[in-house]
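Subject: A structure for you to look at

Hello! Here is the structure I promised to pass on, together with some notes to read beside it.

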Amino acid sequence: MSASINNRRRIAVATLLAAFFFAVFASLGIWQIYRLQWKLDLIARVDARVTAPAQPAPGKAEWAGITSEKDSYRHVTVHGSYLNDDEVQVYYSTSLGPGYFVMTPLKRDDGTIVMINRGYVPEEKRDPSTRQPVSGETTVTGLLRMSEDHGWLFSQDNKPQEGRWYRRDVGAIAKAKGLSDVAPYFIDADNTPNPGTYPIGGLTVVSFRNAHLSYVITWFGMALGTLIVYGVVLRQFGVWGKPVRDPEDED
């Protein structure tokens with residue numbers, strides 16, 4: 001078989017492979033551009049919600065339409081009375097160290113309930129008897145958060161029967177405490193001081209990992225690398241520049 005035929009076949013294979021990998025890498029780069037724009041829009045929307053004046057928390061008639069995309073981190077306010085006997089403590093690692101978020105149901109005037117994350121307490125303040133309760137009617141201002149119905153990778157499951165909580169799962173807490181008419185969200189209370197200091201509110205972390213630009217650079221860099229390698233292969237096969245002799249062509 002002549003060297004020219006061998007080279008044409010090799011070039012055809014190299015071209016197909018280069019076209020395939022270039023298309024894949026370029027497509028991933030374009031997709032990451034869209035993801036980058038989506039993430040920037042999300043960050044802008046959340047920033048606007050967090051800094052907006054507080055509005056009344058959604059009532060029962062609005063619950064069915066609440067979504068993470070349009071409602072998470074809304075600045076809201078709610079009025080009612082705490083059901084202190086039904087609080088649970090959810091283990092969390094916070095900026096103040098490991099401890100617990102105190103989740104307490106707040107009963108509104110219409111009888112519906114909103115779960116309030118009142119804030120952080122260390123281990124020695126986990127027991128409600130070590131803290132000063134809030135009695136009577138109160139107003140809470142904070143950020144609306146979606147129920148943590150599903151755990152993250154490697155996260156522990158809630159163990160209601162043992163009183164051990166690792167996620168702020170509103171539905172599970174309501175079921176364990178026998179509560180009804182509970183909003184499908186909870187509110188992270190702001191840093192308004194509580195009697196006796198604890199719980200400490202205002203620890204909501206409003207940040208979103210945004211590595212999409214680095215992914216854009218990576219994928220388009222790999223697409224460019226594919227073209228460079230393809231050019232080197234064409235040079236090796238003598239498509240441009242000085243041809244390389246095929247050993248099979250030598251007698």
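Below is what was found in it, one region at a time.

First, some housekeeping: this is a predicted model, in which local features need pLDDT of at least 70 and side-chain atom pairs count only at pLDDT 80 or more, while totals for chains, interfaces and linings use all residues. Residues are numbered from 1 along each chain as its sequence is written, and side-chain values use heavy atoms, with hydrogens and water left out.

**Helix α3**

Which residues of α3 are buried? They are Val-170, Ile-173 and Ala-174. Seen down the axis of α3, these buried residues fall within an arc of 100 degrees, so they line one face of the helix. The arc is that of the directions from the helix axis to the C-beta atoms. Buried means under 20% relative accessible area, exposed means over 50%, and partly exposed is in between (1.4 Å probe, protein chains only). The buried residues of α3 pack against β3, β4, β5 and β7, where contact means heavy atoms within 4.5 Å.

Now look at the ends of this helix. Asp-169 caps the N-terminal end of α3, with a side-chain oxygen 3.2 Å from the backbone nitrogen of Gly-171. After α3 comes Gly-178, with a positive phi near 70 degrees.

**A hairpin and a buried asparagine**

Strands β3 (residues 88-94) and β4 (residues 97-107) pair in the antiparallel sense over seven bridges; two strands pair if DSSP finds at least two bridges between them. Together β3 and β4 form a hairpin, with two residues between them.

Next, go to Asn-117 in strand β5 (residues 113-121). Asn-117 counts as buried because its relative accessibility is 4%. What does the side chain of Asn-117 make a polar contact with? The partner is the side chain of Asp-188, at 2.7 Å. A polar contact is a pair of N or O atoms within 3.5 Å; within protein, one must be able to donate a hydrogen and the other to accept it, and residues adjacent in sequence count only if both atoms are side-chain atoms. A polar atom of the Asn-117 side chain also lies 3.3 Å from the backbone nitrogen of Gly-119. Leaving out residues up to four places away in sequence, Asn-117 touches several others, including Phe-101, Met-103, Arg-168 and Phe-186.

**Salt bridges**

A salt bridge is a side-chain nitrogen of Lys or Arg within 4 Å of a carboxyl oxygen of Asp or Glu. How many salt bridges does this rule give? The count comes to nine.

One of them joins Lys-60 and Asp-181, with the closest N and O atoms 2.8 Å apart. Lys-60 lies in the loop between β1 (55-56) and α2 and Asp-181 in the loop between α3 and β7, so the pair ties together parts that are 121 residues apart in sequence. Lys-60 is partly exposed at 46% relative accessible area, and Asp-181 is partly exposed at 35%.

Another salt bridge links Asp-71 and Arg-74, again with closest N and O atoms 2.8 Å apart. Asp-71 is buried at 3% relative accessibility, whereas Arg-74 is partly exposed at 22%.

A further one runs from Asp-157 to Arg-167, where the closest N and O atoms are 3.6 Å apart. Salt bridges that share partners also join Arg-145, Glu-148, Arg-168 and Asp-188 into one network.

**Some backbone details**

Most residues other than glycine have a negative phi, and most peptide bonds are trans. Tyr-73 has a positive phi, near 70 degrees, and sits in the loop between α2 (68-71) and β2 (75-82). Tyr-73 counts as buried, at 10% relative accessibility.

Finally, a cis peptide bond joins Tyr-198 and Pro-199, with omega about 0 degrees. You will find Pro-199 in the loop between β7 (182-189) and α4 (212-236).

Enjoy exploring, and write back with any questions!

Conventions: Helix = DSSP H or I, 4+ residues; strand = E, 2+ residues; numbered from the N terminus.
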